[in-house]
Amino acid sequence: MSSMPQTYVAGFHDDESVSKMPYRLLGNTGLSVSALSFGASSLGSVFRNTDDEESLDVVRLALTHGINYVDTAPWYGQGKSEAVLGKILPSLPRESFYLATKVGRYEKEVSKMFDFSAERVLRSIDESLARLNLSYVDILQIHDMEFAPNIDIIINETLPALQKVKDSGKATFIGITGYPLDNFKTVLDRSTVKIDTILTYCRGSMNDNALKDWLPYFKEKGVGVVNASPISMGLLSTRGPPAWHPATDHIKEACAQASQYCSEKGVDISRLGLKFSVDQEDIPTCLVSTASRENIKKNIDSATKPLDETERRVMGEVMERFMLPLKNANWEGREVAAYRQNLEQIQTKQ
C-alpha cells in the first residue's frame, strides 16, 4: 500500500482507492496532486443538461476515491459550475482537496466573453468565492490568455492583479492557461509576477503529444503542468467529437479511423487515451470532466488499473498507424481567428 497523500483524511476517504491513485508534485508548489483530477466544466451543463443531485454525488465520489484536484471557472455555465461546487465543497474537509478557478473568460456573448482588466479580475475572484462558498482558492488562473487583445495586457495588467489577489490571501498560487504552447514561454519569460502553474488541453494526448517537448522547460522554470482533456475533447471516443470541435478534418479523420480500429479489436479508445496521458509520470495531473456517476467511477478505474496485454498491443498499433503520422497536428489559431472575426463583425455593425 503506497503512502497516503497530504490531503488524506481518515474516515472521509476510501482507503483502498486512495492507495491505488498515483500522486505527483505540482511544480514547486509543494502540492501533491492526484494523477487524475476533476474538471468541473460538466457541472455547468456545458456538454448536456445535467442533474445537480448527480453532480454533487460525482464530486463526492471523485474526492473520496482519491482525486484531490478540482478545476473550475466562471465561464463554465456562466457561474453554474462554481455554484454547484459551492453546494457540496463546504460540507467536505477543506484539507481533502485543492481547488483551482479562473479569471478572464465570462459570458457567451462574443463582445462580453473576455475581460482581462485588473478591475475585472478583482471582482471576479470575489464572485467566484461567493459562488463556491469558500474563503480562498488554491490556484487562480488566467483563462485562455491567447484571446487577450495582446499579450502585454496579460503581463502588465492581469498578472499583477492576480498577485494582488494572492497577497490578499484569496488565492495561494497563480496559474495561466491556454492552447498554444509557445504562449506560455513568452509569458513565463517576461512576467515579473511568479507563475506557479500552467494548464493546457489536448496537447498531452495520443493524437498530439507536443506537450512532452515542453516539459523540460516548465520543469526548469519550476512550473507545475496540468494537462486537460486526455481524450482531446471527444476525438478519442467512440461517440466522436462534438460539432463545434475546432480540429481540422485531417485530425478528425485519423481519430475516427483509430476509434473504429479499437472497436473492431474490442478495446475502448477512451481508456487508451486516458492511460496514455495519465501514465506520463512527468505530467503531474490530467483533468477529466464528467457529471455522470458511472463515468467518474470508470475514469478512476481506468486511471488506476494497468492496461492488459491486448490493450497494450492495440495502443501500439493505433499509435503507429494513425497517431504518429499526424506528427502532433493541432488547431492553433483557428478559434482565436474565428473569435476576432466575430468581434470585428459586431464592431462594424455598431
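# Helices and a barrel, term by term

Tutor: Let's start with two helices: α8 and α11 cross in a right-handed way. Keep in mind that this is a predicted model.

Student: Why are α8 and α11 called roughly antiparallel?

Tutor: Helix α8 covers residues 249–264 and helix α11 covers residues 309–323, and their axes cross at roughly 155°. Angles over 145 degrees count as roughly antiparallel, so α8 and α11 get that label. Their axes come within 10 Å.

Student: Which residues of α8 and α11 meet?

Tutor: From α8 you have Ala254, Cys255, Gln257, Ala258, Tyr261 and Cys262, and from α11 Val314, Glu317, Val318, Arg321, Phe322 and Met323. Sorted by class, the contact holds 9 nonpolar, 1 polar and 2 charged residues.

Student: And α9 with α11: why are they called roughly perpendicular?

Tutor: The axes of α9 and α11 cross at roughly 85°. The range for roughly perpendicular is 65 to 115 degrees, so α9 and α11 qualify. Their axes come within 11 Å. Arg271, Leu272 and Phe276 in α9 touch Glu311, Val314, Met315 and Met319 in α11. That contact has 5 nonpolar, no polar and 2 charged residues.

Student: What does α9 lie across?

Tutor: Helix α9, residues 269–278, lies across strands β3, β9 and β10, and runs at about 150° to β10.

Student: Where do those strands belong?

Tutor: In a barrel: 8 strands close up in the order β3-β4-β5-β6-β7-β8-β9-β10, with parallel pairing. From one strand to the next, the twist averages 30°.

Student: How do you know that β3 and β4 count as paired?

Tutor: Two strands need at least two bridges to count as a pair. Strand β3 (residues 36–39) and strand β4 (residues 69–71) have 2 bridges, in the parallel sense, so they meet that cut-off. Gly39 stands opposite Asp71 in β4.

Student: What makes the protein chain agree with a compact globule?

Tutor: For 350 residues, a compact globule would have a radius of gyration near 20 Å. The protein chain has 19 Å, so the two agree. Its C-alpha trace spans about 55 × 50 × 40 Å along the principal axes.

Student: How many helices and strands does the protein chain have?

Tutor: There are 12 helices and 10 strands.

Conventions. Residues numbered from 1 in each chain as written. Predicted model: local features only at pLDDT ≥ 70, side-chain atom pairs only at ≥ 80, totals over all residues. Heavy atoms only, no water. Axes fitted to C-alpha atoms, helices over the stretch in contact; angles between N-to-C directions. Helix = DSSP H or I, 4+ residues; strand = E, 2+ residues; numbered from the N terminus. Parallel < 35°, antiparallel > 145°, perpendicular 65-115°, else oblique. Left-handed = near helix turned anticlockwise from the far one by under 90°. Contact = heavy atoms within 4.5 Å. Nonpolar A, V, L, I, M, F, W, Y, C, P; charged D, E, K, R; others polar. Rg over C-alpha atoms; globule rule 2.2 N^0.38 Å.
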